[in-house]
Amino acid sequence: MFLIQEVTRLIGKGLEMEGVLREMLHLLSELLGLNRGRIVLKDPDGDGYRIAYAYGLTRAEMDRGRYAPGEGITGRVIEDGHLVIVQDIDKEPLFLGRAVERTRLPPGVVAFLVLPIRVGHRTVGALACHRIRHRERPLADDLAMLRIMVTMIGQLLTLNERVGEKTRALEARNEMLARALSADRVRYGIIGSSPALLKAIAQIEQVSAAQASVLLLGESGSGKELFARALHLAGPRRNKPFIKVNCAAIPESLFESELFGHERGAFTGAVASRPGWFEQAHQGTIFLDEVGELPAPLQAKLLRVLQESVVVRLGGTREIKVDTRLVAATNRDLGADVARGVFREDLFYRLNVIPIHLPALSERREDIPDLVMHVLARTNQENARNVNLTDAAVRHLAGLPWPGNVRQLSNFIERLVLLAPKPVLGVADVAAALAELGGRELGGREIAPASMPRAASDPAYRPYLRANSHRAQDLAEALARAGGNKSRAAQILGLTERQFAYRWRKIEMDETGEI
């Protein structure tokens, strides 16, 4: 009982394996005379087993105690999972005597006791010791005590393994958070430190105090809105309104009213006057995303606002002075649109005073690990989750193409966190999640969340396609099948309404040269 109490007390003080297990073997020797105890566990450097903890053995003797599965008495116990009692080591041919030479043992009859150590239903090692054969205390009593000890050792190994896993996960999480929250890398909420990204940020800061229009150029998903906000925050207008407008999401009939406002009675339903976005952005910044989607009549009116800094509401005659910094963005080649006559040349030069190219994710691949950790930490916090990725999984993500840029990467990480089956995900888990998106690595197409209902067999994320992904005949046939409903036609083709409208308008422009 004293031995059990002491061992329990040691375990209660902490899970430090070396101290607890060595003292356990020490007490077995001092109190019961079970000498030269050793605990044999898996060799981390090989396929066999080695003496991991011992009492009464020298370092050289412990180093010699290495066993292949099934080798000698110790190897057989580990392989079979059964207790073995050697009554006389001198008469047992399987006894190796590898660790301790016979000359260092008492001259009388020496027994050797070996018990398997189990974790769950697995045999993970063995507890062994020498015992003088002729003792007053029954052998059965010693075996009962050793069985208690191997049970405690198995529990201790299990707890230590679980604590180790949690500790490693917390350390990895802390490291991710520390790196993600690094001040230099989250300026304006922009994550990364690649040369291409730092160049774009430097250009933003350099022109932040100017009044000239800025045109942000970059692929879809590269963070144009984030850079526009950074330009606003870096300049003297930071405490004034920041108004963002997605030109591709506004019906053509509402463009003028939304941008410039309207007076009461200007059209059916206009029961009150309403200031437009330019007025709302007075003394602040207005961000026009997808500015290339502006209809031709609105292009002329926008040019007038930029030239004279005044707006006239729809249905009104009074000029309203506005002081607004314009930031525009597009993923189209406006120069080519000007050459084709679908975008005003004078407006293009007004917008293109300060062009800034935003790097695609393929140009700043070294930023992917930081982006992954940032999105991971944010998604965990927003959804009360605690999901982490191994370093190998992060490296795997960094090696993928991500044609949809930061938006695609962010969407994928969010999905990964929300559907994670366990707290730490490795390369296999990431590959499985990618396979669920269509059974392919992300080679050449972006996968983004679908914005409309989909069939159960459809991928959970909508592919990003090129502007010429569908022929005019495909669009016309889908529109006919949908009875002229463009939303339904877009759904038939796996497009958003905006993607369908853009392709339809582009085909009309190609055929007529006009909008």
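Modeller: Happy to! First, some setting: buried residues make up 46% of the 515 residues in the protein. Please keep in mind that this is a predicted model. The protein has 19 helices and 19 strands, and of the contacts between residues at least 6 apart in sequence, 65% join residues at least 24 apart.

Now to the sheet. Six strands build this open sheet, in the order β3-β2-β1-β6-β5-β4, and their pairing is antiparallel. At the edges you will find β3 (66-67) and β4 (84-86); each has a single partner strand, so one side of each is left without a neighbour in the sheet.

Further in, look at β1 (residues 35-42) and β2 (residues 49-54), which run antiparallel and are joined by five bridges.

Helix α4 (residues 72-80) lies across β1, β2, β3, β4, β5 (110-119) and β6, and α4 runs at about 30° to β5.

For contrast in subject, here is a helix from another stretch of the chain. In α7 (residues 224-234), the buried residues include F227, L231 and H232. Among the elements covering the buried residues of α7 are α6 (195-207), β7 (214-217) and β14 (325-330).

How values were computed:
Residues numbered from 1 in each chain as written. Predicted model: local features only at pLDDT ≥ 70, side-chain atom pairs only at ≥ 80, totals over all residues. Heavy atoms only, no water. Buried < 20%, exposed > 50% of the residue type's maximum accessible area, 1.4 Å probe, protein only. Helix = DSSP H or I, 4+ residues; strand = E, 2+ residues; numbered from the N terminus. Contact = heavy atoms within 4.5 Å. Pairing = 2+ DSSP bridges. Axes fitted to C-alpha atoms, helices over the stretch in contact; angles between N-to-C directions.
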